[in-house]
Amino acid sequence: MALNLVMLGPPGAGKGTQAERFAREHGIPKVSTGDILREAVHSGTALGQAVQAVMERGELVSDDLIIGIVGERLTRPDALAGFVLDGFPRTAAQAKALDEITALRGPVICVEIKVPDEELVRRVRGRRVCDDCGANADAFEHKPDALSDLCQNTERCRAVGPKWVARSDDSETVVRERLKIYWRDTRPMIEYYSARPTFRVIDGLQSPEQVREALVGAVASALGRPVAQ
Ligand code: AMP
């Protein structure tokens, strides 16, 4: 049976880190809409040029655009055995579109990671991403010499070393705008999922390892069968 997982929660909750690891350990792709859009901006494609300003303001790109991107990505062969979605859906229209895309593909498990707003603001201030591979690091948690282990070492990262930068939308002002949009548009959508038998909530204030264990437990309980640790 396919393993379809949607990670829900505010910016900075740890969705990306957990999605990355869960996907790797279960042999399914991580589909992060934020990563797809950042890559487009980085490469200067038409998509990147269309979304750059919206992303820098911390606003959401249009539903039609993002639904088209996710629809195309989830119908590629590697996603048919399952996927981990990170950053999508974020609105009621996106949630409805995901239901349509996955209608014949087995249950969709939705896990919300909960973290209070003030902790989110603190975390994103320390968040760094490798400008080449998109790997995430926490400037407060990781000593500088441990950072290179976190990089995915693409060819360019290997050649010149990871280039850790703060995301342009992680400034405190933009983060507060993203949180406002989260509470206005995304949190009500999570309510829509919360009535489903495959919905679970986990505490994102735990250590990353504890969150990982809680995530595996939540997925197993939603599926009604164990999943690989
Ligand atoms: P993230 O890395 O998930 O925080 O996404 C970074 C930015 O990309 C967001 O602040 C939005 O501007 C845009 N974005 C990512 N996913 C979506 C989505 N599902 N709907 C609309 N905009 C999105």
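This is a predicted model: local features need pLDDT of at least 70, side-chain atom pairs count only at pLDDT 80 or more; totals for chains, interfaces and linings use all residues.
Residues are numbered from 1 along each chain as its sequence is written, and side-chain values use heavy atoms, with hydrogens and water left out.

Okay, the ligand. It has 16 residues around it, and the closest include Thr33, Arg38 and Arg90; a residue counts if one of its heavy atoms lies within 4 Å. By class, that shell splits into six nonpolar, four polar and six charged residues. For the classes, Ala, Val, Leu, Ile, Met, Phe, Trp, Tyr, Cys and Pro are nonpolar, Asp, Glu, Lys and Arg are charged, and the others, Gly among them, are polar.

Now the polar contacts, meaning N or O pairs within 3.5 Å. Threonine 33 puts a polar side-chain atom 2.8 Å from a ligand nitrogen. With glutamate 59, a polar backbone atom sits 2.5 Å from a ligand oxygen. Glycine 87 also uses a polar backbone atom, 2.9 Å from a ligand nitrogen.

Which helix gives the largest share of the shell? That's α2, residues 33–43, with four residues; helices here are DSSP runs of H or I, at least four residues, and strands are E, at least two, numbered from the N terminus.

Last stop, proline 89. Is the bond from phenylalanine 88 to proline 89 cis or trans? Cis, with omega near 0 degrees. And where does proline 89 sit? In the loop between β3 (82–86) and α5 (92–101).

Terms used:
A polar contact is a pair of N or O atoms within 3.5 Å; within protein, one must be able to donate a hydrogen and the other to accept it, and residues adjacent in sequence count only if both atoms are side-chain atoms.
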